Amino acid sequence: MYKYFPHTESDIAEMLERIGVSSLDDLYAEIPESIRFDKDYNLRKSMSEDEVRSYFKELGSLNHPLTVFAGGGAYDHYAPSVVGQLIARSEYLTAYTPYQPEISQGTLQYIFEFQSMMCELTGMECCNASMYDGATATAEAMLMAVAHAKKRNKVLVSRTLSERVIAVVETYARFHGVTLEFIPEKEGVTDKAAMEQMIEANDVAGVIVSSPNRYGIIEDYTGFADSLHAHKTLFIVYADPSALAVLKTPGEWGADIACGDGQSLGMPLNFGGPYVGYLASTHDLMRKLPGRIVGATKDVDGKRAFVLTLQAREQHIRRQKANSNICSNQSLMALYVTIYMALMGKRGMQEVNEKSYAGAHYLCDKLLATGKFSLCFDKPFLKEFAVRTTLNREQLMKHLEAKGFLAGIPVEGTNDAILFCVTEKRTREEIDNLVSLIEQEG
Amino acid sequence: MKYYNKLIFEISKPGRVGYSLPQSDFGNYSLADLPQSLKRETPAELPEVSELDVVRHYTNVSNKNFGVETGFYPLGSCTMKYNPKINEEMAALPAFTSLHPRQSEESVQGALRLYYELAHALAEISGLAEFTLNPFAGAHGELTGLMLMRQYHIKRGDLKRTKVIVPDSAHGTNPASAAVCGLEIVEVPSTPEGTIDVTKLEPLLDDTIAGIMMTNPNTLGIFEKEIPQIAKLVHGCGGLLYYDGANLNPLLGRCRPGDMGFDIMHINLHKTFSTPHGGGGPGSGPVGVAAALVDYLPRPHVVKHGDRYAVEGSDDSLGSVSGFFGNFGVMMRAYAYILSLGKENLKHAGELATLNANYVKESLKDCYYLPIEGICKHEFVFDGLLDKSTGVTTLDVAKRLLDYGYHAPTIYFPLLFHQSIMIEPTETESKETLDEFIEAMRTVAREAIDDPEMVKSAPHVTPVRRLDETTAAKNPILRYKDLNY
């Protein structure tokens, strides 16, 4: 007897009789004895509900949540109360993939809304139903470029893309047999002249850049699309969707594919997941998009309805000939960001950026004023910026953590640079406290 | 209840807001200082709605959905078991949800310990040496597992092994994952009994074979009892065995993939370990390996030194497959499930799932065609109605079941039969629920004879009826802006 198992002794007896066997063991008679498992698992004993609560509380007490001044792909934005409560509705939470559209219009409709909103933010013409995370979405964008180009097998990645994203793209490239080359950075941004040289031979399927980039710099991609398209090379932009409410969109830069992580759209930090990737493209590349896509249609009575469409692209139909092995998306997380975007709306999304911008620039100026920091690059930024410090970086960060602050992230490849981030959640008081702690340290 | 058919954009009115942000006092910093050339030209056309507008909209939209808590969900290969509430409560604890993934190891010891303990519980349940929890879903686990397989051969300098054997009954993700991983697919046929044809497998085995991907029980719900022989043959040729854990549920407490001879496997936490499917994700696809492959696991990898937990990655690691640690929130739910059941209850989940499947199968085989007789595991496949003379298809049966308040079974999969109906009841359903479902299936079979047109035009009472999928694919409308009704 257990609360998740409704079977009584008499139920089991009646059911076995219908089946025509005499015991539960008989249901496993065909399993060769040599591979049967007839011991007890070496696991803990069953816990009551309160014991589970206590145990998680104990584990939780070993964590130290901090006041977050860090980003690097995970941003501490305001999460409206409404969102968490709505996505917990069991009609959303406990449904499967909407393969039976007649009883899945809820899921199908919000995915349609998600696609629509992501198109608005990115300036792209179509978007799929979401991806695992930003890094895997970028790897899929690389696979799309190679599949689209047919005879080209090389993809270029700017060194200013986040190293976390690069690491995943590299793994996919190595096993899929894609040649990955890196465009060097120049003063914190993608070296355009170097890139133009690298695409001269007409053998590059796609180029991946990002904005804001790994230093938080908003890169200027003027002229990139023209250069790339002249060589039939796809232009792929990794972009923070929250920032796209104010920054120039991948669509406006002339991108063929946009990708990134929707975590910045008010999702909890969640120790790295679940987040939600997005992958959007031009109309021309629509049939090359991997994963699920929802389209509008009508039912036999003429009622507007939504359905999974263009399924001929997908693994369950095309098997090894599919563009991707993607089966599930991050549906519930797509719902999360859809509700977030609905609540924040046109104005709220701009306000989030306005406030993050103000806070980040305030912190930056205060840090520079201490005389212990200097900007890595004097380039425009939004909510993240990289500074060098004359203090001992590791000691400083450790000290600030002990005081309850996650004071940025070390910039990889340097021993003195820190990437700070300020969202609209950070108050002036928190920033002032952080800076005065830093001053005391020095 | 009134049918609700509005999109969020259609209830938008300029000037409304649904949020509140604090006043900031940072002085004269303004986005206006950014060069215009770096800013978007026109604002994103997002909705402008009040908080109640949003709440009511998404509540009404949810009413057009069907979840496990709405009713019975016998969807084959998807293991739609009950998603316990305590799991949700634990996954929402701020002591975990507020952690930034780039915090120091010292400040996230509880999270790392949970990751480590769950990984080791899965290893015990699977009979394998170690797990990574980083992969985001089943298909992502498959891809990671195949990368591990290739990395193993590559690190041994055995570069010829570029083919992977996949049975013809496999999930579509198997061959697709192999292709993404750069492997060539070799298909092995099934016997009339639905299991791998060992005589046809043997000639395929040579020094170009990286390994084989198997599901056991397979997608027909049949246990591949030749597995010890298959393992011997594949290992004998230098290949590895990959276990697709989509069908692990019936083996809980009865049999472990590691003991069967598998070297690599993935587990769908959203199937066997009760985490919600969320309308298609987030899932989680942990991957386990035998001792010889531990060094190849992806980065980051969580280890334990004394009583401290640390994040490491071996030099031989295949690399990263995720931005951070995978879908951590899903792991918390799965661990709450394992702790709740404990060793004494977990072992009964498999046999009760198997009992339920066989009970439904035996109760319906006089009106649906059962192509392969015998005891199944957690699921089984009918090949359409027994009496096909009226032209009522599997699709029609599935749609008619919606009218009776059931989610349809998986249909037209596996591809071995033309009219597949794949049913998986799971262990959390009672005999009464199964009896009612059996009665509905029998009623549909009768209706197919008495009034075939009515079944062919089903469903009749769902929020919408059959959809025009052809036009949707021919003329795709994928966003609100392109909708001109």
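Which domains does the domain assignment give for chain B? I looked this up before anything else, keeping in mind that what I have is a predicted model. The assignment for chain B lists domain 1 (8–62), domain 2 (86–341) and domain 3 (348–470).

**Entry on the domains of chain B.** I then took domain 2 and domain 3 of chain B as a pair, and found that their centres, taken over C-alpha atoms, are separated by 31 Å. Where these two domains of chain B meet, 18 residues of domain 2 are in contact with 16 residues of domain 3. Sorting the side of domain 2 of chain B that touches domain 3 of chain B by class, I noted seven nonpolar, eight polar and three charged residues.

**Entry on the domains of chain A.** For chain A I read a division into domain 1 (67–76 + 345–441) and domain 2 (81–339). The C-alpha centres of these two domains of chain A lie 28 Å apart, and the contact between them takes 20 residues from domain 1 and 22 residues from domain 2. On the side of domain 1 of chain A that touches domain 2 of chain A, α12 (331–369) and β14 (384–389) of chain A each supply at least two residues, and the largest share, four residues, comes from α12(A). By class, I recorded 12 nonpolar, four polar and four charged residues on that side of domain 1 of chain A.

**Entry on chain A as a whole.** I counted 14 helices and 17 strands in the secondary structure of chain A, whose C-alpha atoms fill a box of roughly 80 × 55 × 50 Å along the principal axes. Chain A has 442 residues, and 59% of them count as buried. Among the contacts in chain A with a separation of 6 or more, 73% are between residues 24 or more positions apart.

**Entry on a sheet in chain A.** I followed an open sheet of seven strands in chain A, which has the order β2-β10-β9-β8-β7-β3-β4 and mixed pairing. Its edge strands are β2 (126–127) and β4 (179–183) of chain A, each of which pairs on one side only. Within the sheet I looked at strand β7 (residues 204–211) of chain A, which runs parallel to strand β8 (residues 234–239) of chain A and is joined to β8 by six bridges. As one pairing to look up there, A:V207 has A:F235 in β8(A) as its bridge partner.

**Entry on a helix in chain B.** Is helix α11 (residues 394–403) of chain B mostly covered or mostly uncovered? I found α11(B) mostly covered, with eight of its 10 residues buried; among them are B:V397, B:A398, B:L401 and B:L402, and also B:D396, B:K399 and B:R400. The buried residues of α11(B) pack against β11 (410–411), β12 (420–423), α12 (431–450) and α13 (452–456) of chain B. Just after α11(B), I noted that B:G405 takes a positive phi of about 85°.

Terms used: Residues numbered from 1 in each chain as written. Chains lettered and ligands numbered in written order. Predicted model: local features only at pLDDT ≥ 70, side-chain atom pairs only at ≥ 80, totals over all residues. Buried ≥ 20, exposed ≤ 12 C-beta atoms within 10 Å, placed from the backbone. Contact = placed C-beta atoms within 7 Å. Pairing = 2+ DSSP bridges. Domains from an automatic or database assignment. Nonpolar A, V, L, I, M, F, W, Y, C, P; charged D, E, K, R; others polar.
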